[in-house]
Amino acid sequence: MSLHTHLLAVDLDFTLLNGKREISEENRLAIRRAGEAGIAVVLASGRGAAGMRPFAQVLELDGAMVTCNGALVARRDGTVIEEHLMESERLAKVIDFAQSGGHHLHLYCREEVLMPVHTEWAEIYVHKAKQHPPRAVGWDGMARAAPNKAIIVTSPETVLAIEPAARMLFEEEGAVLLSEPEYLEFVCPWASKATGLAAVANSLGIPRENTAAIGDYYNDLSMIEWAGHSAAVENARPEVKRAAEVVVSAHDENGVAEYIDLLI
């Protein structure tokens with residue numbers, strides 16, 4: 001069944017990646033088949049560019065990546081297609097919220113992730129994301145940064161406990177996101193995976209109706225609702241499943257490959 005798709009956005013963690021945060025051979029070969037069928041595949045993640053690039057290399061994808069939940073859209077070689085930076089006032093509020101609450105904070109700045117000091121949460125983050133440790137710059141260094149987004153890394157229970165206060169801090173819809181149980185994200189509310197996917201589609205001259213997206217978590221909702229066609233993996237949150245056109249197998253059961261076979 002062909003859905004006349006020319007561009008497919010694929011979330012990484014718990015969608016394309018299995019429980020070991022790896023790309024299965026089935027999914028890798030399916031993405032190759034998509035390319036051979038004329039479908040441009042773009043990775044769309046909350047991760048920064050440096051954390052996404054190794055996966056793009058494994059998949060032999062040289063085109064755009066939607067990074068930082070859409071705040072930075074760049075090609076694998078670093079060429080920027082679209083970028084949104086957190087304003088100084090917003091950054092100051094985030095830093096004060098994290099520092100006063102004693103929370104571990106990361107700032108995503110293009111090619112690197114910054115933190116004020118090293119804590120056990122930095123180790124947990126490195127283990128989860130399988131990437132280099134963030135660079136410690138102190139709270140003053142954090143205040144001087146120009147990040148695309150910020151995340152508090154803490155326990156799932158703490159994320160749920162502090163989320164209401166974080167949302168009260170910023171009144172705009174989409175300013176605070178949940179991307180994993182341990183992550184509370186602060187982003188530019190005018191940037192999302194949907195705006196990132198739209199930027200890639202515009203750069204390639206592909207109409208919205210010829211795009212598709214697949215994901216699992218709350219930060220994937222925007223692109224799933226924006227794309228012409230969409231899917232959620234079986235392990236996705238209920239809200240994501242309801243928004244998606246189809247539900248395919250779980251991330252550990254090659255749901256991305258299953259969806260690609262539907263598209264081509």
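Me: Which residue follows H8, and near what value is its phi?
Reply: This is a predicted model, where local features need pLDDT of at least 70, side-chain atom pairs count only at pLDDT 80 or more, and totals for chains, interfaces and linings use all residues. Numbering starts from 1 along each chain as its sequence is written, and side-chain values use heavy atoms, without hydrogens or water. Helices (H or I, at least four residues) and strands (E, at least two) are DSSP runs numbered from the N terminus. After H8 comes Gly205, whose phi is positive, near 70°.

Me: How far apart are the end C-alpha atoms of helix H8?
Reply: The expected span is 1.5 Å times one less than the number of residues. H8 has twelve residues (193–204), so it should span 16 Å; this agrees with the separation of its end C-alpha atoms, 17 Å.

Me: Which strands are the edges of the open sheet?
Reply: Eight strands line up as E5-E4-E3-E2-E1-E12-E13-E14, with mixed pairing; two strands pair if DSSP finds at least two bridges between them. Each edge strand pairs on one side only, and these are E5 (80–83) and E14 (246–248).

Me: What angle does H8 make with E1?
Reply: Angles run from 0 to 180 degrees between N-to-C directions, with axes fitted to C-alpha atoms, for helices over the stretch in contact (heavy atoms within 4.5 Å). H8 lies across several strands, including E2, E3 and E12 (211–215). Its direction relative to E1 (7–11) is about 150°.

Me: Which residue of E14 stands opposite Ala231?
Reply: Strand E13 (residues 229–233) runs parallel to E14, and three bridges join them. Opposite Ala231 stands Val246.
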